[in-house]
Amino acid sequence: MAENSKKKKKGDVKSSKSAQSKKMSARQKEKKKRGKIILFIVEIFVLLIMAAVLYAVLKVEKVGKVELNEEKLVINEEVKERAETTKMKGYRNIALFGVDSTTGALAKNTRSDTIMIASINLDTGECKLVSVYRDTYLNLSNDTYNKCNAAYMKGGPEMAINMLNMNLDMNITDFITVGFAGLADTIDALGGVMIDVDEAEINHLNSYQFTMAEDLKRPYKEVTSTGYQQLTGLQATAYCRIRYTAGDDFKRTERQREVLMAMADKAKTASVSTLNQIANDVFNEIYTSLDITEIVELLGNVKDYNIVDQAGFPYEEYRTTGTIGAKGSCVIPVDLKESVEWLHKFLFDEDYTASSEVQSYSDKIKSDTSPYLK
């Protein structure tokens, strides 16, 4: 009996230990489960933080500030030296691109219908504007030759700047790109601009305006009379796009420069606080290498700047037009070297000899285009 009792006690002890073991195992499992839930919650929390940071980064990207890789910007060594020792010194040259986009595609994969250089004399505040005709047959900066507006399509502002620097012996490192919406909103923020609309332009203006209004999902108001009048942002942007009149694309670039000069005149009448507000409001509709602080600084000095002259490149005396095979109708610099020397005289008032690189591009253009011009 005593032996049976001992066995029973041992069995009870084992059973108790087994129960405790099972109880501990259940607790451990529960603890482990809670740990997994907490870890999952932490992971979700971290993901939410990452998503918020990513959104902030993308929002900044959308604002349009881009850091250009200066090592990839091509500036001729001779031009670099001239910019420090000749009349080029003291000038800031900025590339202005207007892209054919209503969807906000400003980075690349869109052709630059407007290619302009704003050259600012930092000592006097005098500014000159030069439009580079979008169909000009040039080196795209990768030793392929085509209409120069293809550079922006293929490689965005970096490739477009290199195209300008290489073909024109320039030293551009900054740019501003705007689409239809950004231009229209900037003009509206300024309160519109004064433009002289003639009989040949009015129907084309309204047609372009109607198309953009549909694409941008915004109302529009027809221009019903000719003459010097105030145009809204949409109307002025449509005016910039007109090319089916006498003068074709050459005349269109004149209209683009006319609108830009009208904007500058209007900006001079605005207060600094108004200009700062405009800059902040429209900054998310442009793509640029400039910081918002740089743009605000430039706008703050707008009254000190005067657009004293404007022109198109290639200059009329040094250009022709022709259909270059599959590349279509092009503006052809009949002598790129002479065109570049004219450009430097126009911008910097210096007697200039084009670089050997420009001479080689000039020879290549002559070789490519001469069979089509006979």
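A charge is taken to sit over a ring if NZ of Lys or CZ of Arg is within 6 Å of the ring centre and within 35 degrees of the ring normal. In this predicted model, local features need pLDDT of at least 70, side-chain atom pairs count only at pLDDT 80 or more, and totals for chains, interfaces and linings use all residues. Residues are numbered from 1 along each chain as its sequence is written, and side-chain values use heavy atoms, with hydrogens and water left out.

The charged end of Arg-319 lies over the ring of Phe-250, 3.9 Å from its centre. Arg-319 also stands opposite Pro-333 in β12. Strands β11 (residues 319-323) and β12 (residues 329-333) pair in the antiparallel sense over 5 bridges. Pairing requires at least two DSSP bridges between the strands. Helices (H or I, at least four residues) and strands (E, at least two) are DSSP runs, numbered from the N terminus. The two strands form a hairpin with 5 residues between them, and Gly-325 in the turn has a positive phi of about 55°.

The structure holds 10 aromatic pairs. Rings of Phe, Tyr and Trp (its six-membered ring) pair if their centres lie within 6.5 Å; planes under 30 degrees apart count as stacked, over 60 as edge-to-face and the rest as tilted. The rings of Tyr-315 and Trp-342 are stacked, because their centres are 4.7 Å apart and their planes at 15°. Tyr-315 lies in the loop between β10 (306-313) and β11, and Trp-342 in helix α10 (residues 336-348), so the pair ties together parts 27 residues apart in sequence. Lys-128 lies over the face of Phe-346, at 5.4 Å from the ring centre.
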